Amino acid sequence: MRLDKYLADMGTGKRSDLKKAIRRGEAEINGEKVLDPGRAVPEGACVCYRGREIRYETYVYYMMNKPAGVISATEDRRQKTVLDLLEEPVRKDLFPAGRLDRDTEGLLLLTNDGILAHRLLAPGRHVDKVYRARVRGVLPENAAELFREGLRIDSSLTAMPAELRILQVCPGDCAETEVTVREGKYHQVKRMFQALGCEVTALKRLRMGTLELDPSLEPGQYRRLTEEELEALKQSGEVKKT
Ligand code: URA
């Protein structure tokens with residue numbers, strides 16, 4: 001792979017800027033200053049840019065506790081995106097695997113691994129997604145049963161069977177609940193509660209497949225997945241079609 005592409009892939013800058021920087025002598029391969037942006041990087045070589053070692057990684061995986069108020073997109077001209085929250089050099093091929101609404105918080109996987117993302121998200125994969133939802137309104141007594149049977153959301157959509165646990169009923173017709181769904185339709189959880197005459201006032205994703213939100217991550221914080229998390233997640237994406 002060319003040196004300028006290697007560095008660009010690792011998020012160190014735009015290819016055009018990198019070419020200039022390399023020509024100025026800011027990059028090294030195995031300790032040797034390299035002025036040609038097109039120089040091939042040998043397998044396993046040590047590449048340094050501006051004095052910092054840059055290791056090549058084909059795929060990267062981050063878990064983020066998405067805060068409310070940012071959108072699950074790679075770029076937007078008006079609104080802040082989840083990628084805008086990353087501080088380290090951001091690879092240009094990174095994307096959020098799945099979407100959470102702007103006002104939803106919680107677990108979001110950021111990766112450049114399209115195959116894993118597809119395995120987790122493709123309709124028919126039915127990977128569990130667990131949410132904590134605060135709802136306003138009076139839930140029918142048989143709400144959990146209705147969720148389990150597959151709620152009719154509107155004339156064109158019936159949700160797949162889902163689980164509802166009512167954790168706490170609070171004063172003023174409000175409840176803390178935990179919901180497990182196996183599909184990811186637009187506004188899925190909000191629309192399911194709406195179908196019961198209730199409104200979701202706060203929503204947070206806690207789990208996707210085997211991947212659980214690290215409770216030490218504050219909203220807006222993120223970290224790399226551990227090897228164990230990644231391995232388990234890959235396997236959960238291999239769930240058979242049901
Ligand atoms: N369901 C919703 O309604 N919103 C989300 O962000 C995720 C699931």
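## Second largest pocket

Domain 1 (3-53) and domain 2 (61-123 + 211-236) each contribute at least three residues to the lining of the second largest pocket; the domain bounds come from an automatic or database domain assignment. The model is a predicted one, in which local features need pLDDT of at least 70 and side-chain atom pairs count only at pLDDT 80 or more, while totals for chains, interfaces and linings use all residues. Residues are numbered from 1 along each chain as its sequence is written, and side-chain values use heavy atoms, with hydrogens and water left out.

The second largest pocket holds about 250 Å³ of space. Its lining comprises 16 residues, of which Met 10, Glu 57, Glu 88, Pro 89 and Arg 224 are the closest to its centre. A pocket here is an open set of points on a 1 Å grid over the protein atoms alone, where a 1.4 Å probe fits, with protein on both sides within 12 Å along at least five of seven lines; lining residues have an atom within 4 Å of a point. Grid points are joined across faces, edges and corners, and a volume is the space filled by probe spheres set on the points.

## Largest pocket

The volume of the largest pocket is about 620 Å³. Among its 30 lining residues, Arg 99, Tyr 131, Gly 184, Lys 185 and Tyr 186 are the closest to the centre. Because domain 2 (61-123 + 211-236) and domain 3 (128-208) both give residues to the lining, the largest pocket lies between them.

The lining of the largest pocket has 13 nonpolar, 8 polar and 9 charged residues. In this scheme Ala, Val, Leu, Ile, Met, Phe, Trp, Tyr, Cys and Pro are nonpolar, Asp, Glu, Lys and Arg are charged, and the others, Gly among them, are polar.

## Ligand surroundings

An N or O atom in the side chain of Thr 104 lies 2.9 Å from an oxygen atom of the ligand. A backbone N or O atom of Lys 190 is 3.0 Å from a ligand oxygen atom. The ligand taken alone exposes 240 Å², and the protein buries 95% of that (Shrake-Rupley method, 1.4 Å probe).

## Backbone features

Although not a glycine, His 187 has a positive phi of about 50 degrees. Asn 30, also not a glycine, has a positive phi of about 50 degrees.

How values were computed
A polar contact is a pair of N or O atoms within 3.5 Å; within protein, one must be able to donate a hydrogen and the other to accept it, and residues adjacent in sequence count only if both atoms are side-chain atoms.
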